[in-house]
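Please read the following points with the sequence and the structure side by side.

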Amino acid sequence: MKPGVKPGVKPRAKASAKGSLKERIPLWAKGIRPRLILAFTAVSLLATIAASGASYVSGRRTVLTSEQNETIIGLRNAVDVLAPQLTMPPTSKDLAQLADRLPGFTGVTFQGQQPAEGNHLDVTVVPAELRTAVSTGLGTKFQRGIRYDRPVLWIGMPILRSTPDGKQERSGIEVYGEHDLGEAVQSIEEFSDNGWTTGTIAVPLAILIAWLAAEAVLRPVRRLRDAARRLADGELSTRLATPGADELTELAKTFNHTASSLETSVGELRRMQADAHRFVADVSHELRTPLAAMTAVTDLLEEETGLDSDTGRAARLVGSETRNLTRLVEDLIEISRFDSGTARLDRQLVDVGALIGQTLRARGWTDSVETDLPGDQVALLDRRRLDVIVANLVGNALRHGEPPVRVTVGTAGTSVVVTVTDQGPGLPEHVLPHVFDRLYKADTARSRSEGSGLGLAIAAENATLHGGTLEAANQPGGGASFTLRLPIDGTTA
Amino acid sequence: MLLIEDDPAVSEGLCLGLSRHGHRVEPAEDGERGLALLESLNPDLVLLDLMLPGIDGFEVCRRIRAAGSVPVIMLTARGDDFDVVGGLEAGADDYVVKPVRPRVLDARIRAVLRRHQAVGEQDQVRHGDLLVDRSALVVSKADTPVGLTPTELRLLLELSRVPGRVFSRQQLLELVWEHDFLGDSRLVDACVQRLRAKIEDVPADPVYIRTVRGFGYRFGPV
Amino acid sequence: MNPVTRAGALLAALTLLTVLTGCGVRPTGVVQAGEAPVGVATGPMLYFLGEGNVTTAAPRVTGRLGTVADALTLLFAGQDPEELASGLNTALPPVTPVLEQPDADVMIVRVPLNTVFLSRPALDQIACTAIAARVMAGAGAGLRVTVFGKNGLAAEDVACSLMKS
């Protein structure tokens, strides 16, 4: 009882026309394990990148902003404190003094002029854009830029003066500061470095976890697959352990349920089938004993009674019908042996041509059958069963076909091929599929053929038992043709 | 001859049919009666049905074998492999499947009986310890006579006629059992086993009757 | 997640990362960063009494603004010749006050005299001068000026009559 679907053959994905990306994914990457690992790696990479990216962005903002704010506020507060002490209008020395006392690298101008002496910021290196903005506005301003390949923060602010009632105006003094952001940048870069370090640790770890996760997922899947394969091979008692309560366990429970229903119904069917087979076998056996007694005396009857008398005809009728009945019972027993699976092969090296010649001679068919039998075709076969097959095929051809009936032997690959052909009308199309059915009557008008009606079925069973095939067809020129193929070396494949 | 068969109809039919072919048949309806008649009657041959009430056919066959070398043809109603193999192991010389026409049965009986007849060539041939006397139809090993059934004797004579020549099972069936081309090769295998048990020192490692794998048997050469 | 979106997400993330690491600190344009410092002046504004004892502002040129305390010290020191010439008076006695500024919004002035000597105009002079100095230094006008005499509190949270408090 083998199902039609071979186990292990997966249905191909039908959506191959669309999704060109899917097609480009190599086959090895389509398993669950590589897909899980790819997904885990991608997720961990993404997470690493996102985390380090986020920390980088927020870190950059935090570091830069605090660095800038500290610098700007520090400078402004210092100016605020020192401004009231500044002499107005200031001399070049006053300006230099102020620049000296301010934190960081600074420069001070009054009405666009800066003191010549002292190690101060040369205000002309400050971007003109910022200087213009400072000298026309009333607020503190900054601008980032690059100086000598280093990131730099420039701050500019005018110092205002105020009337007692709070009206503010520019005093003509401007303070500029230059601040190096190199260290800040360095600490920002540490963030991204940390991100990469995390990534190089996280990605292999993710692959490992993915591997383990794939194992955990695949183990029950593999068990399920093996169980399904065993079930497909006919081991209907296959069951799966169902620990836990996850989806795969649900699937396993469903599988078990399916398997047990299948086992029950198949068992029921098999029991019924076995009962039917046993009944046929028992009936056949029971018929044998009375037939044995009858057979023992029919010859006697036929010889004793006169040829032309009514009793003589009656005795001959009884004799021939007893022999027909005996053949039917023997065929039934043979068939029931196939059904119960007790039919055995007795393989020997056989000269196929010679055996077929003997088969024909033994039945007195030598004159009515044309042959083409090579003398050297040897195969590992059961002599008796080959005889049964050939006798049934030739007998069938002689009964239902027209002469000449022809038997040929040849080879095709690792098979020995025996063909039996006749020149009759051939087999009607609707009969062809049923030619090997038991007790199938091709001609419904004739209620009873001379054969048992089991001959071709037995021939086919014998061919199958050898691991071979028996096929019926019609020849192009008319007439039926039966082709028997049996493996030469006896391998049942 | 003795016919041991429990079904009266079959028994009577076979007696009738066989007597037409010139055989004198004594029927017995079960094994015990059959074995009792065996001593008083001393038949040339026993026809033994395997399906018997009381002692079954296999056991009867074994007892007949133990008592002497009278040939046994078993009648099997089923023709099942189990019956055939069991009967051959118990020591049957041949078997026929019921229903059987008296004409066919007669041919088998005559073949078995012919095995007693002398072949009449060289009188005595020695093969190692084994002495085969073809005129007296006696086989002795290390000067001790070996009790062989007619079938076993005929098989040994055919095989030892040309030491070293290979016979296929089919050839032996036709030569010894006089079966047609569809004989059951298990008859040969069973008989070889019995023969080896009687003449070989170590039956599992035979010196006289050797197996030619995939083909058949040959005798020696010793 | 199907392979297409997965590949897309990966690509996007990689691009983002490249952009982030490639640029570091970007240059900017001019960015506003709050108010400018206030507080330079040629000198503080002192308040004396003009015609009809009206409190009058008189800018004193000292070269720099100085602190609130500096301004008050100058006020107590009285008018310079130029101010005298223009007829400005003072209601403050010629004493040296003790000035305390416990925090930026509070000015405590201790005058070593009985409070009866601290008239209304005198207190107005103190308040106006202190608050003006503070406003000119850039802070708000919310300075609380408290004056003590030798015998105790003269006035709390003194307001300047010239300014809206």
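1. Chain B is built from eight helices and twelve strands, and, as with everything that follows, this description rests on a predicted model. Of the 222 residues in chain B, 42% are buried. When contacts in chain B between residues at least 6 apart in sequence are considered, 54% of them join residues at least 24 apart.

2. In chain A, a residue to look at is A:P84, which is found in the loop that runs between α2 (32–82) and α3 (92–101) of that chain. A:P84 is classed as buried because it has 22 C-beta neighbours inside 10 Å, where 20 or more are required for that class.

3. Leaving aside residues up to four places away in sequence, A:P84 touches C:G39, C:R64, C:L65, C:G66, C:T67 and C:A137.

4. Turning to chains A and B, 24 residues of chain A are in contact with 24 residues of chain B. On the side of chain A that touches chain B, the elements giving two or more residues are α6 (247–304), β5 (347–351), α8 (352–362) and α9 (383–400) of chain A, and the largest share, twelve residues, comes from α6(A). By residue type, this side of chain A divides into ten nonpolar, seven polar and seven charged residues.

How values were computed
Residues numbered from 1 in each chain as written. Chains lettered and ligands numbered in written order. Predicted model: local features only at pLDDT ≥ 70, side-chain atom pairs only at ≥ 80, totals over all residues. Helix = DSSP H or I, 4+ residues; strand = E, 2+ residues; numbered from the N terminus. Buried ≥ 20, exposed ≤ 12 C-beta atoms within 10 Å, placed from the backbone. Contact = placed C-beta atoms within 7 Å. Nonpolar A, V, L, I, M, F, W, Y, C, P; charged D, E, K, R; others polar.
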